[in-house]
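Please keep the sequence and the 3D view open as you read.

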Amino acid sequence: MTQETAAATTDAVLDREETISRDELEALQLSRLQHTVAYAYDRVPLYKRKFDEAGVHPTDLRELSDLGKFPFTTKEDLRLEYPFGMFAVPQNEVARIHASSGTTGRATVVGYTKKDLADWAKLVARSLRASGVRPGMKVHNAYGYGLFTGGMGAHAGAEALGCTVIPISGGQTERQITLIQDFKPDAILATPTYLLTIADAMMKQGIDPASTSLKYAVLGAEPWTEEMRHELETTMNIKACDIYGLSEVMGPGVAGEAVETQDGSHIWEDHFRPEIIDAFDPTVVLADGEPGELVFTSLTKEALPIIRYRTKDLTRLLPGTARPAHRRMGRITGRSDDMIILRGVNLFPSQIEEIALRIPELSPHFQLELTRPEGQRMDQLTVRIERRGAVTAEGSAAAAKVLQQQIKIHVGSSCTVDVVEPGSLERSNGKLRRIYDMRPKG
């Protein structure tokens, strides 16, 4: 830890809930959980129907482990209740509405009361503070604004912390660079792949990304690896931390990573109760430390309480460190619905990123293309990845062979590797598409 980082972690005033004991936290969770389950049952017809069908009642929740008796909520539930069937308060008490893009089906709609918005801002502020951001800093917010929760959620949290917010939103990369140079922000909020896009664009303009005023990056909205953290920190001379959230549960700020440890995001368990389940047998609740699918129950939400929401994110729960009472999430390894099954082997884009960034000749810019050649029954994977700028054709060929071998060893599947010219693959303007499925449908 640098002296600057150490100083940034010692002048933070923590919320009382960040400092309580695990026993105190679990007592608070139980009280809030009992209220939330009864509140959802009384106010949201879907929950009354699901609880009744499962043969459970809010009074059955006498201890934290009883939560496993209650049914899950899924994205499909929210889609079926579109637009406002999941709301637990009258329309005139809903202060704001956000929604997903709806690109894979009906949009999922979420609402917030004024108290929900205040709680959200408080938790984003807590996450930013944990990641090194301090009152008075200038914060460049490159998350997208609009119906997506990222932009406005991050904005409100930074303001609640006492920062000066630069609300640039996503895209307009050239303008992003101009404002970073002119306004001299201390911190940037973005997806990791978009920050990488900004750094690459700076280098093309002859600007050293390590020379800017930026000291901290708080990155989320997509899985990223320790190798990507190293790439960004080295390239930009910053400390990069994770922030986690999803719209259905709240938005960004459900969990945040501490800059002094950088060992995974602490879940703010005074507001959310996490579980890990077996993604293939959801009746099995797994112990801390075991990998599986992350499930969340909200403990304080008014407009849209959420009970046992299946996130599809794959991770594990670990003991708290910088915030001892609050458990940490391990790195998100992928989403169960984004998993590629290639000739019987499960594969996630983050695995390719982790392996590729250990090979000096290769850049973090890659795409995965799935095909099934005509007349063949087996799927084929092609990894298209850019070489670093100074790498020769011979170096590219050697690096391709190493990547192909390492994927075979560590993932267990064969693939083709195509090393392409720098700048030839699509760049992120927010969330980056990694997988291109070209296989015949049906």
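The largest nonpolar core has 69 residues, and the members that touch the most others are Y47, F51, L128, V133, Y244 and F296. A nonpolar core is a set of buried Ala, Val, Leu, Ile, Met, Phe, Trp, Tyr and Cys residues joined through side-chain atoms within 4.5 Å. Buried means under 20% relative accessible area, exposed over 50%, and partly exposed in between, with a 1.4 Å probe and protein chains only. Helix α6 (residues 114–130) gives the most to this core, namely six residues. Helices (H or I, at least four residues) and strands (E, at least two) are DSSP runs, numbered from the N terminus. Apart from this core lies another one of 26 residues, including L179, L196, M202 and I207.

This is a predicted model, in which local features need pLDDT of at least 70 and side-chain atom pairs count only at pLDDT 80 or more, while totals for chains, interfaces and linings use all residues. Residues are numbered from 1 along each chain as its sequence is written, and side-chain values use heavy atoms, with hydrogens and water left out.

**Helices that cross**

Which residues does L128 contact, leaving aside its neighbours within four places in sequence? They are V133, A154, G157, A158, L161, L189 and V218, where contact means heavy atoms within 4.5 Å.

L128 also belongs to the contact between α6 and helix α7, where W120, A121, V124, A125, L128 and R129 of α6 meet T149, G153, A154, A156, G157, A158, A160 and L161 of α7. By class, these residues divide into ten nonpolar, three polar and one charged. Here Ala, Val, Leu, Ile, Met, Phe, Trp, Tyr, Cys and Pro count as nonpolar, Asp, Glu, Lys and Arg as charged, and the others, Gly among them, as polar. The axes of α6 and α7 (residues 149–161) come within 7 Å and cross at roughly 75°. Axes are lines fitted to C-alpha atoms, for helices over the stretch in contact, and angles run from 0 to 180 degrees between N-to-C directions. The two helices are therefore roughly perpendicular to each other, a label for angles of 65 to 115 degrees.

Now look at helix α3 (residues 22–43) and helix α4 (residues 45–54): their axes come within 5 Å and cross at roughly 105°. That makes α3 roughly perpendicular to α4. V37, A40, Y41 and R43 in α3 meet P45, Y47, K48, F51 and D52 in α4. This contact has six nonpolar, no polar and three charged residues.

**Strands and their partners**

Two strands pair if DSSP finds at least two bridges between them. Here are some pairs to find in the model.

| Strands | Sense | Bridges |
|---|---|---|
| β7 (residues 239–246) and β8 | antiparallel | four bridges |
| β8 and β9 (residues 265–267) | antiparallel | three bridges |
| β10 (residues 272–277) and β11 | antiparallel | six bridges |
| β11 and β12 (residues 309–315) | antiparallel | four bridges |
| β18 (residues 362–371) and β21 | parallel | three bridges |

Is strand β8 (residues 251–257) largely enclosed or open? Seven of its seven residues are buried, so β8 is largely enclosed by the rest of the structure. A hairpin joins β7 to β8 through four residues. G245 has P252 in β8 as its bridge partner, and G256 is bridged to H266 in β9.

Strand β11 (residues 292–298) is mostly covered, with seven of its seven residues buried. I277 stands opposite E293 in β11, while G292 has T315 in β12 as its bridge partner.

**An open sheet**

Four strands form an open sheet in the order β20-β19-β18-β21, with mixed pairing. β20 (416–420) and β21 (435–437) stand at the edges, each with a single partner strand, so one side of each is left without a neighbour in the sheet. From one strand to the next, the twist averages 20°. Helix α12 (residues 393–410) packs on the sheet and touches β18, β19 (380–387) and β20; the direction of α12 makes about 145° with that of β20. L370 has D437 in β21 as its bridge partner.

**A buried loop residue**

Our last stop is M339, found in the loop between β15 (334–335) and β16 (340–342). M339 is buried, with a relative accessible area of 18%. Leaving aside neighbours within four places in sequence, M339 is in contact with F280, N346, L347 and F348. M339 and P349 are ten residues apart in sequence and 8.2 Å apart in space, C-alpha to C-alpha.

Technical notes: Parallel < 35°, antiparallel > 145°, perpendicular 65-115°, else oblique.
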